[in-house]
Amino acid sequence: MLRDIAFTLEPGEVAAFVGPSGCGKTTMLRIIAGLDRDYEGTVARQCDGAIGMVFQEPRLLPWRTVEENVRLIAPRASEGELAALFDTLELAPHRRHYPGQLSLGLARRTALARAFAVEASLLILDEPFVSLDDALAARLRGELIKLIDSRPVTTLLVTHDVEEAIGLADRLFLLSAGPARIIAELPIARRDAAATAGRVAAIKAEVARLTQTARGVSCGR
Amino acid sequence: MLRLLSIAILIGAWYAGSLVAGERMLPGPAAVLAAIVEEARSGALALSLAATLARVALAFSLAMAVGTALGLLMGRVKLADKLGDPWLVVLLNLPALVIIILAYVWGGLTEAAAIAAVAVNKLPNTIVTIREGARALDPALDEMAHVFAMPRAKAIRHVVMPQVAPYFAAAARSGLSLVWKIVLVVELLGRPNGVGFEMGIAFQLFDVTRIIAYALVFVAVMLTIETVLVQPLERRASRWRVRTA
């Protein structure tokens, strides 16, 4: 599934992994999160750190309310912190709702709130905005940026959407098709340089070029 | 409305039957009602009911507690399942009467033996049902709890038990009706009080009126427990379920 993956992240850095569907991005995240033990190699994490993870499906407890879902995972979070979190993610009116009553967007937000409430030292996001309509996804990306900026945390984001990666990341890792390996590494420095349309287009072009080159190499041309 | 009509027809058929079969074989509703009132006045009804219900409560709690623990264990731990399954199959197929008689033979005609016999009778059904629930647990939620390092006790309480709840309810429902039927047999065979004991005396005296009187009162009590205790609990536990329109 994966081959020769090696990288190091700076604390507080947001790294986006972009690659085609099925190349093994989720497998890599699962290995890092400790859910998959069938691999060779080492994963080194800050020892005392909690992990906050947002899965592709919200994975909320259907029999607990939104607020209870977050509190169960983050029992030490104060009421003030939770209120601020719910406000940022526009969840305040839904605190007492059950997941069965939520739309997918709201459920995803609840999963985001849960991952942030933990005050993790590592945040893992597995295609958190896939299958949402563009407007909603853009809104949620904005909310995610607000959250990351207010409390910087080392973040690993996996997505198949290059633009999303450019909008969120400090560094972009390109993965090849399965068995995945890292084709290239692009510094994005989201916080330093504004994401103008021109800049985004330039990076996208670079990504496309690198992907083409990699495909050419693997086909033996 | 339809229910009341059906019950009225039942009572009507009963009355007709009593006329045809004769008071000795099938006493009519009036005679049975009189017997119930008489037993209630003398206090015998209350005492017998109390004794029987106490046994039901004890045996039921014991069987549910042990059965749930073992069912969860066997559903989650493959080794436990492989080791325990043959024992389970034997217990499931052992006739209730055999278990009761052996309990009295080995334990003497004691209360402990009686309760144990009833509990052991209900145990295998509970284990099988809860085991199915444990097998059906959602691995996605387990993984979520693992990544977030949820303490084990918390995970059991908030992630596992709610998933097992419907199976628990099913085991409780079928278990309750099974338990009180066996309690009556246990009382008949080796206890000096309780509804089963009274039935035994009435049988020896060929007092059909008393038999039916106690049977009706007992059914009424169990129905009341079902309505007043079990159904509200079930409704509360199902609050979060999304009802399809």
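Biologist: Is B:Phe206 buried or exposed, and how many other C-beta atoms lie within 10 Å of it?

Modeller: B:Phe206 is exposed, since 10 other C-beta atoms lie within 10 Å. The scale behind that word counts the other C-beta atoms, placed from the backbone, within 10 Å of a residue's own: 20 or more make it buried, 12 or fewer exposed, and anything in between partly exposed. The model is a predicted one, in which local features need pLDDT of at least 70 and side-chain atom pairs count only at pLDDT 80 or more, while totals for chains, interfaces and linings use all residues. Residues are numbered from 1 along each chain as its sequence is written, and chains are lettered from A and ligands numbered from 1 in the order in which they are written.

B:Phe206 occupies the loop that joins H9 to helix H10 (208-237) of chain B; helices (H or I, at least four residues) and strands (E, at least two) are DSSP runs, numbered from the N terminus. The backbone there has a phi near 50°, a positive value in a residue other than glycine. A:Glu90 sits in the loop between helix H3 (79-88) and H4 of chain A, and its 14 C-beta neighbours inside 10 Å make it partly exposed.

B:Ala202 is partly exposed, because 18 C-beta neighbours fall inside 10 Å. Leaving aside residues up to four places away in sequence, B:Ala202 touches B:Asp207, B:Arg210 and B:Ile211, where a contact requires the C-beta atoms of two residues, placed from the backbone, to lie within 7 Å. B:Ala202 and B:Ile212 are 10 residues apart along the chain, and their C-alpha atoms are separated by 9.8 Å.

Taken as a whole, chain B contains 10 helices and 0 strands. The C-alpha trace spans about 70 × 55 × 30 Å along its principal axes. Of the 245 residues of chain B, 31% count as buried. Among contacts in chain B with a separation of 6 or more, 72% come from residues 24 or more positions apart.

Helix H6 (residues 111-135) of chain B is mostly covered, with 19 of its 25 residues buried. From first C-alpha to last, H6(B) reaches 36 Å, close to the 36 Å expected at 1.5 Å a residue, the expected span being 1.5 Å times one less than the number of residues. H6(B) has a kink of about 30° at B:Leu123, shortly before the proline B:Pro124; the bend at a residue is the angle between axes fitted to the seven residues ending there and the seven starting there. Helix H4 (residues 78-93) of chain B, by contrast, is hardly covered, with 0 buried residues among its 16. H4(B) reaches 23 Å, close to the expected 22 Å. It bends by about 40° at B:Gly84, and the proline B:Pro86 follows within four residues.

Chain B also meets chain A, in a contact formed by 14 residues from chain B and 18 residues from chain A. On the side of chain B, helix H7 (139-147) and helix H8 (152-190) each supply at least two residues, and H7(B) gives the most, with 6 residues. That side divides into 10 nonpolar, 2 polar and 2 charged residues, with Ala, Val, Leu, Ile, Met, Phe, Trp, Tyr, Cys and Pro counted as nonpolar, Asp, Glu, Lys and Arg as charged, and the others, Gly among them, as polar.

Within chain A, helix H4 (residues 104-117) and helix H5 (residues 134-150) pack at an angle of about 10°, with their axes 12 Å apart. Axes here are lines fitted to C-alpha atoms, for helices over the stretch in contact, and angles run from 0 to 180 degrees between N-to-C directions. H4(A) is therefore roughly parallel to H5(A); angles under 35 degrees count as roughly parallel, over 145 as roughly antiparallel, 65 to 115 as roughly perpendicular and the rest as oblique. The residues making this contact include A:Leu112 and A:Phe116 of H4(A) and A:Leu140 and A:Leu144 of H5(A). They divide overall into 6 nonpolar, 1 polar and 2 charged.
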